[in-house]
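Me: Hi! I have a structure open and would like to talk it through with you. Could you start with the surface and then go on to the details?

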Amino acid sequence: ANHNFRVTDDEIRLFIGLLLFTGYHRLPRERMYWSLDPDLAIPFVSSAISRNRFQEIKRYLHFADNSGIERNDKMYKVRPIMNILNNKFRQWGILHQNLSIDEAMVKYFGHHSAKQFIRGKPVRFGYKEWMLCSSSGYCYAFDVYCGAKCNSKPISRSLPLGSRVVLELLDVIEKPSDHIIFFDNYFTNYDLLDTEKEGFSCNRDNQG
């Protein structure tokens, strides 16, 4: 390990910005973003940060203190940044009346114990996320599925998975009764329909 490694705030911003950029400007290999070939060259990337420096930050960047990790949480390495993102989403987002709870897949082909394979989905391999979103698609809260018995809060551990997901995502809303929550049959079961939590009630529309 490089115990002399140092990084500045500006470099972290550049690093995250480049990660976001590579999310929509896709190239077959990471090193190609610094290519000098006319058909691949991206001058603003190479002028902002060198390839070696980018890879060095990528190698040493940590979001969690390894001396105090939670071994039961498969996402402990990135849990702190996930918590920050969730807080920021709610800080800057305006809660709509109509909210949706659903799952989303984040494509990933590497090795990780939380990686899922879901046959028949457009994205078959990756991380499955539970998301609470507005009717316009804005995300207020999310979590990564790490197994049926992982990440559950004590209040919901005795409930089926679908019920736990709904109740735990709604736990961030001060008054769930002020909103109309939409979700599909995956999350619907008797335990949830029979639940009342701080004015939150659930009913199923049998139409359609």
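Reply: Happy to! The accessible surface of the protein comes to about 14100 Å², and 52% of that belongs to carbon and sulfur atoms. Such areas come from the Shrake-Rupley method with a 1.4 Å probe, and for residues only the protein chains shown count as cover. Keep in mind that this is a predicted model, where local features need pLDDT of at least 70 and side-chain atom pairs count only at pLDDT 80 or more, while totals for chains, interfaces and linings use all residues. Residues are numbered from 1 along each chain as its sequence is written, and side-chain values use heavy atoms, with hydrogens and water left out.

Me: Got it. What share of the residues is buried?
Reply: Buried residues make up 34% of the 208 residues. Buried means under 20% relative accessible area, exposed means over 50%, and partly exposed is in between (1.4 Å probe, protein chains only).

Me: And how many helices and strands are there?
Reply: There are 6 helices and 5 strands, and along the sequence they follow the pattern α-α-α-α-β-β-β-β-α-β-α. Both are DSSP runs numbered from the N terminus: helices are H or I with at least four residues, strands are E with at least two.

Me: Which way do β1 and β5 pair, parallel or antiparallel?
Reply: Parallel: strand β1 (residues 98-107) pairs with strand β5 (residues 180-182) over 3 bridges, and S100 stands opposite F182 in β5. Strands pair here if DSSP finds at least two bridges between them.

Me: What about β1 and β3?
Reply: Those run antiparallel, with 9 bridges joining β1 to strand β3 (residues 125-134). D102 stands opposite M131 in β3.

Me: Switching to helices. Which residues are buried in α3?
Reply: In α3 (residues 51-60) they are R53, F54 and I57. They cover an arc of only 100° around the axis, so they sit on the same side of α3; the arc is that of the directions from the helix axis to the C-beta atoms. N52 and R59, on the other side of α3, are exposed.

Me: What do the buried ones pack against?
Reply: The buried residues of α3 pack against α1, where contact means heavy atoms within 4.5 Å.

Me: Now the rings. How many aromatic pairs does the count come to?
Reply: The count is 17 aromatic pairs. Rings of Phe, Tyr and Trp (its six-membered ring) pair if their centres lie within 6.5 Å; planes under 30 degrees apart count as stacked, over 60 as edge-to-face and the rest as tilted. One of them is F109 with F125: the centres are 6.1 Å apart and the planes at 45°, so the pair is tilted.

Me: How exposed are F109 and F125?
Reply: F109 is exposed at 60% relative accessibility, whereas F125 is partly exposed at 29%. For Y186 and F187, the centres are 5.2 Å apart and the planes at 75°, so that pair is edge-to-face. F187 is buried, with a relative accessible area of 1%.

Me: Which residues form the aromatic cluster?
Reply: W130, Y145, F183, Y186 and F187 form one cluster.
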